[in-house]
Each structure stands twice: as structure tokens, then as C-alpha cells.
Amino acid sequence: MSSETLEGDARLRPIAELCDGEVSLRKEGWRELIFMQGLRFYAGGVERKMDAVLCLNHDNPTYPTKLYLAEQAGAPGLNWNETAYLLGRSWHTFSWRDVRADQPWIDILAAHLRAIDRGVQP
């Protein structure tokens, strides 16, 4: 596993503004991940803060990116059907498709967070 600091990749800076702790680009096996400590977001209209991991290259073409959270959180109706062991711990994710990987990382994160807040397709 390797990681880059914020100084190493300017694409992490907008994401870091949403976090209270470390934000780093990491690789684990074939996965390219962004670790976010203390990510601040809304879930069903309620402000939340927790660690999260954004997978930039999920191995399923229908789900090219995935957001993993430390806990299940979100608007009613989200299908929390998967857990994953990444970066040495277990994470929860929901079934959310078609968030393209060929866009800025902050836009990928925003698309997943909209789903958690509203439970509707972006």
C-alpha cells in the first residue's frame, strides 16, 4: 500500500476542505483509493462526520466508482448491500451506479454524497 500527501496531488485539496483530518491517495492491490478522515456530509438532511474511502477504479463497469463509509448512513431506500475490507478495516457501501470515473475527484465524491443525502439519482 502506498500513499501521497496533499502536497503531492492538487486534486485532493477540494476534498480536504470537507474533512477534519488526513486526506490521502492510496493504492491497495489494483484499487486507487482516497482515504478521508472525518469527512463532513449530510445524510437524509442530517449533518454527519465519519471516515470514508472513495474508490476511483472499482472493477465493475456499472459501478466504476464506489464510496465506502465507516457506518451505514443515508436517506431511506439506499441499498446497503456490501461491506469491504480496505486499508486495514471494514467499510460499508450502498448500491449506487453510473458515477463515472472520468471526472474530477470532487465531482465523483459529490455524486455519491448527493445519493446519501437525498436517495435519488444524480
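## Basis of the model

Residues are numbered from 1 along each chain as its sequence is written, and side-chain values use heavy atoms, with hydrogens and water left out. Because the model is predicted, local features need pLDDT of at least 70 and side-chain atom pairs count only at pLDDT 80 or more, while totals for chains, interfaces and linings use all residues.

## Overall fold

The protein chain contains two helices and seven strands; helices (H or I, at least four residues) and strands (E, at least two) are DSSP runs, numbered from the N terminus. Along the sequence, these elements follow the pattern β-α-β-β-β-β-β-β-α.

Of the 122 residues, 43% count as buried, meaning under 20% relative accessible area, with exposed being over 50% and partly exposed in between (1.4 Å probe, protein chains only).

## Strand pairing

Two strands pair if DSSP finds at least two bridges between them. Strand 3 and strand 4 are antiparallel partners over nine bridges, and R40 stands opposite K49 in strand 4. Their hairpin has two residues between the strands, and G44 takes a positive phi near 60° there.

Strand 4 also pairs with strand 5, again in the antiparallel sense, over four bridges. Here L54 is placed opposite L67 in strand 5.

## Nonpolar cores

A nonpolar core is a set of buried Ala, Val, Leu, Ile, Met, Phe, Trp, Tyr and Cys residues joined through side-chain atoms within 4.5 Å. The largest one has 30 residues, of which I34, M36, F41, L67, L69 and I116 touch the most other members. At least two residues each come from helix 1 (13-16), strand 2 (23-28), strand 3 (31-43), strand 4, strand 5 and helix 2 (105-118). Helix 2 gives the most, with seven residues.

Contact means heavy atoms within 4.5 Å. Leaving aside neighbours within four places in sequence, L67 is in contact with residues including M36, L54, F94, L109, H112 and I116. A second, separate core of nine residues includes A84, L86, L87 and W91.

T65 lies in the loop between strand 4 (46-55) and strand 5 (66-69). T65 counts as buried because its relative accessible area is 0%.

The T65 side chain makes a polar contact with the side chain of H112 at 2.8 Å. Such a contact is a pair of N or O atoms within 3.5 Å; within protein, one must be able to donate a hydrogen and the other to accept it, and residues adjacent in sequence count only if both atoms are side-chain atoms. Beyond its neighbours within four places in sequence, T65 is in contact with C55, L56, H58, V99, R100, A101, I108 and H112.
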